[in-house]
Amino acid sequence: MFRNLFNPSWEVRHGAATALREVIRYHGDTAGLTVLLNPDMYSEANQKWLEDASIRLLCVFALDRFADFVSDQVVAPVRATCAQCLGMCVRGMCEGVVGRVVSVLQCLGEQQQWEVRHASLMAVQHLLAARTDLCATLLPLLSPSILRGLRDVDDDVRAVAASSLLPVANQLVTVLPSKIPQLLTILWDSLVDLDDLSASTSSILGLLCSLLNQNPQLYAGETEEAQRLSQLAPRLWPFLSHTNRRVRLSCLRVLLSLLESGQRKNRGGGR
């Protein structure tokens, strides 16, 4: 399977990654073990096997360029499956090995090829979802790469950058509260350039809604953000008539969050 990850045919690479993902899903905690090993060496052997598998998957992220388009979104089956596979790997890794994987993903996120940046953020998405127990450590390390992805010139990179934060939006508020205003500014500004063909619209609106739900006081009271709301809210109007049902639903949820913030403000004033 490892050898086929680098096969010239994308179908073979995809099949190998899919098989490897299922093997690690069910047998990752015993991977690399043999009857010849001393039981005291089981943990070390397992960590080495998982790290070796991760290195090969990271190489695929750097090398694979196959992509197709379905509707307005890019589909990269090989890199997407490898990202899922990496998520399975990191579930059983110790914190030190996870940190080394994160360092490589940060490097891949700075490359010129959009496919590599896209793959690195897909891997970040599955890594954060798999290791929510390490969010306090991982989010400060990964936030610069994710914020850079949200500003990327490629719309598909922006989409996966926004999706990567959705599973950990509640922890983001706790771990990096100082980053929330900057993140919200990026998301609001992104709405200006989105249209019916933008792949990132649903992800950006979904993340915006999650952050507003986690920060109900942000646009309430007499804060600077609340005063800017009259300028920000009209950016949502075009998405109420979007062709995609998910986008319209996400837009309505954002508006509902803003309305609930206003209600809290009024109740506070009544007291």
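The model here is a predicted one. It holds 12 helices and 2 strands. Along the principal axes, the C-alpha trace spans about 75 × 40 × 30 Å. Of the 271 residues, 47% are buried.

Now for the helix pairs. Two packed helices are described by the angle between their axes and the distance between the axes. Helix H4 (residues 95-108) packs with helix H6 (residues 135-150) at an angle of about 10 degrees, and their axes are 11 Å apart. Angles under 35 degrees count as roughly parallel, and H4 and H6 are therefore roughly parallel to each other. On the H4 side, the contact is made by Glu-95, Val-98, Val-102 and Gln-106, while H6 brings in Thr-137, Leu-138, Leu-141, Leu-142, Ser-145 and Arg-148. Sorted by class, that gives 5 nonpolar, 3 polar and 2 charged residues.

A second pair is formed by helix H5 (residues 114-130) and helix H7 (residues 155-165), which pack at about 10 degrees with their axes 8 Å apart. That angle makes H5 roughly parallel to H7. H5 takes part through Trp-114, Arg-117, His-118, Leu-121, Met-122, Val-124, Gln-125 and Leu-128, and H7 through Asp-156, Val-157, Val-160, Ala-161, Ser-163 and Ser-164. The class count for this contact is 8 nonpolar, 4 polar and 2 charged residues.

What about the inside of the protein? In soluble globular proteins, nonpolar side chains tend to be buried together. Here, the largest nonpolar core has 77 residues, and Phe-61 and Leu-105 are the ones that touch the most other members. Setting aside neighbours within four places in sequence, Leu-105 is in contact with Leu-58, Phe-61, Leu-86, Ser-120, Ala-123, Val-124 and Leu-127.

Ile-24 sits in helix H1 (residues 10-27). Buried means under 20% relative accessible area, so Ile-24, at 3%, counts as buried. Apart from neighbours within four places in sequence, Ile-24 is in contact with Trp-49, Cys-85, Met-88, Cys-89 and Arg-91. Gly-92 is 68 residues away from Ile-24 in sequence, yet their C-alpha atoms are 9.6 Å apart in space.

Gly-92 turns up again with Asn-46, a residue of helix H2 (residues 42-63). Asn-46 is buried too, because its relative accessible area is 8%. Not counting residues up to four places away in sequence, Asn-46 touches Gly-28, Asp-29, Thr-30, Ala-31, Leu-33 and Gly-92.

Ala-76, for its part, belongs to the loop between strand S2 (73-75) and helix H3 (77-91). With 5% relative accessibility, Ala-76 counts as buried. Beyond its neighbours within four places in sequence, Ala-76 is in contact with Phe-66 and Met-122. Arg-65 lies 11 residues from Ala-76 along the chain, and 8.3 Å separates their C-alpha atoms.

Note on methods:
Residues are numbered from 1 along each chain as its sequence is written. This is a predicted model: local features need pLDDT of at least 70, side-chain atom pairs count only at pLDDT 80 or more; totals for chains, interfaces and linings use all residues. Side-chain values use heavy atoms; hydrogens and water are left out. Axes are lines fitted to C-alpha atoms, for helices over the stretch in contact, and angles run from 0 to 180 degrees between N-to-C directions. Helices (H or I, at least four residues) and strands (E, at least two) are DSSP runs, numbered from the N terminus. Angles under 35 degrees count as roughly parallel, over 145 as roughly antiparallel, 65 to 115 as roughly perpendicular and the rest as oblique. Contact means heavy atoms within 4.5 Å. Ala, Val, Leu, Ile, Met, Phe, Trp, Tyr, Cys and Pro count as nonpolar, Asp, Glu, Lys and Arg as charged, and the others, Gly among them, as polar. Buried means under 20% relative accessible area, exposed over 50%, partly exposed in between (1.4 Å probe, protein chains only). A nonpolar core is a set of buried Ala, Val, Leu, Ile, Met, Phe, Trp, Tyr and Cys residues joined through side-chain atoms within 4.5 Å.
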